[in-house]
Amino acid sequence: MAAQGPAPSQGADARAAVTALYQAHAVGLIRLAVVMLGDRHAAEDVVQDAFAGLYRRWNHLDGDRALGYVRTSVLNGCRSRLRAKVRDERLAAASQPTLAAASAEQAVLIGEEHAAVLGALRRLPDRQREALVLRYYLDLPEAEIAASMGIGKGTVKSTTSRALAALGRLLEGSR
Amino acid sequence: MNTLEDRIRAAARAAAGTVADGSAPPLRLPQRGRVPRWPAWGERKSMIVPLAAAAAVIAVVAGLILAVGRTTPGGTIPGVGPPLAAPLPLTADGLPAYFLEYPIAYQQGGAQPGTANEGSPPIPSRFRSQETLRIVATATGEVAATATMPGYVTAIAASRGAFFAAVVRDSLARFYEIRMTSSRTGTAVTELPIPPDTAPVESMAASPNGARLAYSTVVMHSASGDVQNLVIASTTEDSEHEWTTPASYSTGSMGPMNFLADGRTLAFSWTGPSETSPSSALRLLDTAAPGSDLMAGRAVLRFANEPGMVEGYTLSPNGRVAVGVASGRPYQTVVDSMVVSSAGNPSRKVLYRPSEIGADPVNSCNTPPLWISNTGSQVLIECYATASPDVRIVLINHGHVTQLPWLDATANEVTAFPGITAIGVPANADG
């Protein structure tokens, strides 16, 4: 995930460049979105949308910003999806328990322990969830987490700390 | 071992492990459309389909665009007043009877008729000495008149009575008015007294009476950030005012724009670092107020609204209603009606929600709509036919969809409808 995409340049074939970036990083970003969402289909959609957004803004971006831009877009997309899911679930709890269904499906695939951790992770506030995933799944340095989340490095540290505490409480509470 | 951090790592990796190497689906990029990307000087502007692959919800925001412009004491606003050209007629259905069309097909298919011999390679647009715009009759889809422009076209617009084009010739953007003759079979093309601009024109809009033309230039990259200029010029005299991006907004850019009915307030789309950024919104700028801060106005409608991301709106000719297309997965989305105060908070309702399958003739729509009525109850829009890659022009009338097959040839073109903002002209492959 640390590799950078080809440098956008005036006159470059944006479609080819974005496609190349997609081929190099799509699976990694889908995995990131799956960790966030627990839903492969939604994860693929989020990544597709992120690359479409990158394509639209291609000539806006410096070469070394392309991957960062699309990763931030994936985070934003996951955030929107999770909020929409929560809203849907609240409004149609009886008929479409989407989160519960996704969690059940995932539990089968990855086991109860992991499903419990991921379930608790997804109950955290957006910023806390993203900080933990970027830190402990992608192993990004603080500076890169800060850039991806649009926050300061100091905030990354404090957010991560609070997120760990909150996650611990959630997991304790679920026992 | 088995600290909380380790548990997070293990769980995340287990979830990620469900995605096999090489299992990413093919990338679907937009094919064409109306959201600009950023060309180099000398290249044609580029417009990309924003939501070609996305499902869509049409949302109406009513009561949003209040006339924030007020007449300057003792002054006159050139955008207000009787039209400089007689308003173009309407069809029996109330749609504008004519619209201006920039034929992308010429671009993609090669040179325009008359500019190259058959079989010769396409002429890159930036080397073209002329391009032809078409004025199409809405009721029949027939080309009523054409206008040959002395250079290559980068943006088009329409007032209620005339059309406008930004044309690059000798590396300068020049501005032209196109009026239909009284017989509606010909055109008169006049260069406007607007100083030629050395910067490429991104998008353009005309005031309802045609007395003012607003245009944005492409984003210029500088050491202190990106800069984009907005110019509003009189179409009758050498008079213009320029706004520019403040440093604090240097990572954003303007999108399509149009004047409200007062001819003074300019509405434009602003996209910040991303579509979900708080600053990404439809904004209003009082163009009669002093200053040159492009962001001096106010945001009235964020893109990141529910029920989905709305990347662009079309404003009604009276500026009171905005219609956009919300992307995402509307089939799974519970659509809320947002009712908010008049301080920039719109009431919102879904006009139409395409079905992915079934008897519905369309399954997704492009944004922004081509034209909407003053109430937003009528929307002319490009949509994708169910189980077909073809783009159709449809009229959504009080939620009911009617296909207008005679306009299908327009589905891949750039259009400017009287009273509606015009957008840029798409890139050609040779750019």
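Predicted model: local features only at pLDDT ≥ 70, side-chain atom pairs only at ≥ 80, totals over all residues.
View 1. For chain A, the mean pLDDT is 75. Residues that reach 70 or more make up 71% of the chain. Among the elements of chain A, helix H1 (residues 14-37) has the highest mean pLDDT, 90. Helix H4 (residues 98-110) of chain A has the lowest, 53.

**View 2. Helix H5 of chain A against helix H1 of chain B.** Two packed helices are described by the angle between their axes and the distance between the axes. The axes of H5(A) (residues 112-123) and H1(B) (residues 4-16) come within 9 Å. They cross at roughly 105°. H5(A) is therefore roughly perpendicular to H1(B), because angles of 65 to 115 degrees count as such. From H5(A), the residues in contact are Glu113(A), His114(A), Val117(A) and Leu118(A). They meet Arg7(B), Ile8(B), Ala10(B), Ala11(B), Ala12(B), Ala14(B) and Ala15(B) in H1(B). By class, this contact has eight nonpolar, one polar and two charged residues.

**View 3. Glu44(A) and its contacts in both chains.** Glu44(A) sits in helix H2 (residues 40-56) of chain A. Is this residue buried or exposed? Glu44(A) has a relative accessible area of 17%. Glu44(A) is buried, because the cut-off is under 20%.

**View 4. The hairpin of strands E5 and E6 in chain B.** Strand E5 (residues 131-137) and strand E6 (residues 143-149) of chain B pair in the antiparallel sense. Six bridges join E5(B) and E6(B). Glu131(B) stands opposite Met149(B) in E6(B). The hairpin has five residues between the strands. In this hairpin, Gly141(B) takes a positive phi near 80°.

**View 5. A four-stranded open sheet in chain B.** The strand order is E11-E12-E15-E16, with antiparallel pairing. Which strands stand at the edges? They are E11 (201-206) and E16 (240-244) of chain B. Each has a single partner strand, so one side of each is left without a neighbour in the sheet. Neighbouring strands of this sheet are turned by 15° against each other on average, direction ignored. Strand E15 (residues 229-234) of chain B pairs with E16(B) over five bridges. Val231(B) stands opposite Glu242(B) in E16(B).

**View 6. Gly291(B) in a loop of chain B.** The loop runs between strand E19 (281-286) and strand E20 (298-302) of chain B. Gly291(B) has a relative accessible area of 41%. That value makes Gly291(B) partly exposed. Leaving aside neighbours within four places in sequence, Gly291(B) is in contact with His241(B) and Trp243(B). Gly291(B) and His241(B) are 50 residues apart in sequence. Their C-alpha atoms are 9.3 Å apart in space.

**View 7. Chain B as a whole.** Chain B has two helices and 29 strands. Of its 431 residues, 58% are buried. Among contacts in chain B between residues at least 6 apart in sequence, 57% join residues at least 24 apart.

Key:
Residues numbered from 1 in each chain as written. Chains lettered and ligands numbered in written order. Heavy atoms only, no water. Buried < 20%, exposed > 50% of the residue type's maximum accessible area, 1.4 Å probe, protein only. Contact = heavy atoms within 4.5 Å. pLDDT = per-residue confidence, 0-100. Pairing = 2+ DSSP bridges. Axes fitted to C-alpha atoms, helices over the stretch in contact; angles between N-to-C directions. Parallel < 35°, antiparallel > 145°, perpendicular 65-115°, else oblique. Nonpolar A, V, L, I, M, F, W, Y, C, P; charged D, E, K, R; others polar.
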